[in-house]
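User: Hi! I'm new to reading protein models and would like a close look at one part of this one.

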Amino acid sequence: MTSTPTPLPETPAGWRPAARALRRALVGRALGLAAGLHLTWRRSLQVRVVTITLVASSLLVGGFAYLIADKITSILLDNAEIDVKARLESGATYAAKQFGLYNQPQEAQLQDTIDGTVNYLAGGDPQQATGVVVALTAERYPGVIQPRTSPAVDVQPLISRELRGVVAGGDMASQISTGTVAGTRTKYLVYGSPVPTRFGQVELYYLVPLTRQDTTAADARATVVAVGVALVLLLGLLAALVTRLVVTPVRVAARTAQRLSAGLLDQRMVVNGEDDLALLAASFNQMATNLQRQILRLEEMSRLQRRFTSDVSHELRTPLTTVRMAADLIFAERDAFDPAVARSAELLQAELDRFEELLTDLLEISRFDAGFAMLDAEPTDLVPVVHRVADRLAGLAERVGVTIELDVPTAPVIAEVDPRRVERVLRNLVGNAVEHGEAKPVLITLGLDDTAVAITVRDHGVGLKPGEEKLVFNRFWRADPSRARQTGGTGLGLSISLEDARLHGGWLEAWGAPGQGAQFRLTLPARAGDRLTTSPLRLVPGDAALPFGGPRDGGLLAIGPGSGGVLAIGPAPGGDGGRAEVGS
């Protein structure tokens with residue numbers, strides 16, 4: 001006969017994923033709670049002060065409570081030991097007198113005397129109601145003298161072998177033992193003393209329960225703990241109240257400072273009382289008033305300066321036009337003049353051209369400062385714009401021995417931009433690269449992706465020193481003041497280019513290294529109004545020797561004046577167009 005085994009109950013198939021999901025949920029909740037507590041700890045001064053106060057006071061009060069409870073317990077135990085010791089000495093003296101009549105332990109009346117003595121010592125004890133047990137033993141005569149206890153309970157487990165040996169050796173000794181006597185588990189203080197007789201020595205023991213002392217010590221500990229907890233809570237509440245009195249004005253000052261930084265210069269703190277916090281509020285209000293007055297003064301000065309610049313630029317137009325007409329006439333007839341006069345006419349013409357450019361740039365800067373610059377965005381193919389800029393600067397590049405190379409797609413690159421401003425930015429960048437190119441090629445690269453277009457201008461000149469990539473966009477800044485300008489620039493080109501890029505919502509960034517040249521990158525959104533997040537081209541060129549080394553197949557981190565922060569730059573596209581050369 002074959003028996004069929006009973007199948008084991010099947011485990012549900014989904015219990016392991018459910019358990020893992022529950023564990024992940026619990027871990028996530030715990031991590032979220034920990035993060036919230038950490039954030040609260042970092043942000044709230046009041047929470048930190050109250051927490052530190054509670055922890056410190058808890059440790060201090062806990063230490064005092066432990067010392068006090070331990071001291072009370074020691075005092076109670078010492079009193080019990082003194083009392084038991086006095087009773088034991090009195091009882092031992094009484095027993096010695098009773099047993100002094102016997103010369104041999106085998107005498108018939110000795111056992112009765114022992115019983116009477118033990119009963120007398122126990123019955124004569126005024127604290128008998130407390131459960132004191134009296135025992136008398138004779139370790140030297142185990143078969144002759146029978147141990148006696150009063151009350152009749154088994155005290156053998158309460159008297160250790162070590163204690164028996166010490167007392168049998170003739171010394172008084174004590175110990176604390178816990179055992180079950182008459183069905184109740186009790187802690188006893190056991191004291192033993194030898195009792196000398198004519199026939200030898202017997203041992204007398206007093207066993208005093210410590211129930212009352214334990215109860216008193218427990219009540220004292222409970223009282224101390226309760227008082228300590230109440231004291232800690234009171235200290236915490238006091239710390240919270242005191243901290244609140246200090247933190248609240250600080251929070252009000254912080255909120256007022258935030259409003260002031262947001263431009264609400266009329267915000268002030270309420271001054272209450274005459275204490276230190278009131279002095280802080282009054283000083284803060286005075287500071288805000290002075291700050292408001294100074295800001296308004298600076299705004300007025302800036303407005304007057306912008307107006308002065310604009311007015312001067314406009315007023316200079318009329319005399320400049322007259323001087324231009326006269327200079328053109330002189331320049332046209334320069335061949336008939338003496339060579340020195342002809343050269344002066346050429347210099348006059350060149351400087352008038354630069355003067356006109358400076359006036360134009362000053363007017364443009366004044367429009368940016370006044371917030372009147374407008375963007376005329378329209379769908380524009382940037383490929384012809386790049387070619388047009390390269391063609392216009394081909395003559396200058398040929399004079400200084402620089403070759404302008406183009407790396408642009410063959411297909412149109414359409415973006416919603418202001419073509420006049422983009423062309424001006426490129427003209428400034430390429431002209432700057434040609435001027436500092438040191439007779440080496442200048443490369444213009446055009447790239448695009450789904451959201452942005454980018455143009456980089458790379459030269460291989462002297463490059464930029466560390467920190468100068470942020471200074472090149474300052475007005476009238478020059479890396480080498482003694483260096484003569486080849487293009488006759490005004491010193492405002494890069495500043496205007498940066499404002500043009502910002503007006504588009506784009507970035508204009510610079511990279512450079514000594515001896516490795518420089519590269520400028522213009523990144524614009526493909527659709528007007530979109531927000532940039534990445535650029536199609538890298539800011540650091542691929543042929544640059546980075547100090548930290550490493551592969552170039554990943555993104556770079558760069559900070560640009562137009563980006564307002566750190567951005568992730570992807571690798572340059574593979575390039576789907578040809579390369580053209582303009583110039584010599």
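Predicted model: local features only at pLDDT ≥ 70, side-chain atom pairs only at ≥ 80, totals over all residues.

Analyst: Leu 238 lies in helix 5, which covers residues 211-261. With a relative accessible area of 49%, Leu 238 is partly exposed, because exposed would require over 50%. Leu 238 also belongs to a nonpolar surface patch, together with Leu 231, Leu 234, Leu 235, Leu 237, Leu 241, Val 242, Leu 245, Val 246 and Val 250. Together, the residues of this patch have about 890 Å² of accessible area.

Arg 24 is found in helix 1 (residues 15-43) and counts as exposed at 56% relative accessibility.

Now to the salt bridges: the whole structure has 14 of them. One joins Glu 346 to Arg 334, with their closest N and O atoms 3.5 Å apart. Glu 346 sits in helix 8, while Arg 334 is in the loop between helix 7 and helix 8. Both partners are partly exposed, Glu 346 at 31% and Arg 334 at 24%.

Arg 521 and Glu 509 form a salt bridge too, at 2.5 Å from N to O. This pair links strand 12, where Arg 521 lies, with strand 11, the place of Glu 509. Here Arg 521 counts as buried, at 0% relative accessibility, and Glu 509 is buried with a relative accessible area of 0%.

How values were computed:
Residues numbered from 1 in each chain as written. Heavy atoms only, no water. Helix = DSSP H or I, 4+ residues; strand = E, 2+ residues; numbered from the N terminus. Buried < 20%, exposed > 50% of the residue type's maximum accessible area, 1.4 Å probe, protein only. Patch = residues over 30% accessible without salt bridge, like charges linked within 9 Å, V, L, I, M, F, W, Y side chains within 5 Å. Areas by Shrake-Rupley, 256 points an atom, 1.4 Å probe, with all protein chains shown as cover. Salt bridge = Lys/Arg side-chain N within 4 Å of Asp/Glu carboxyl O.
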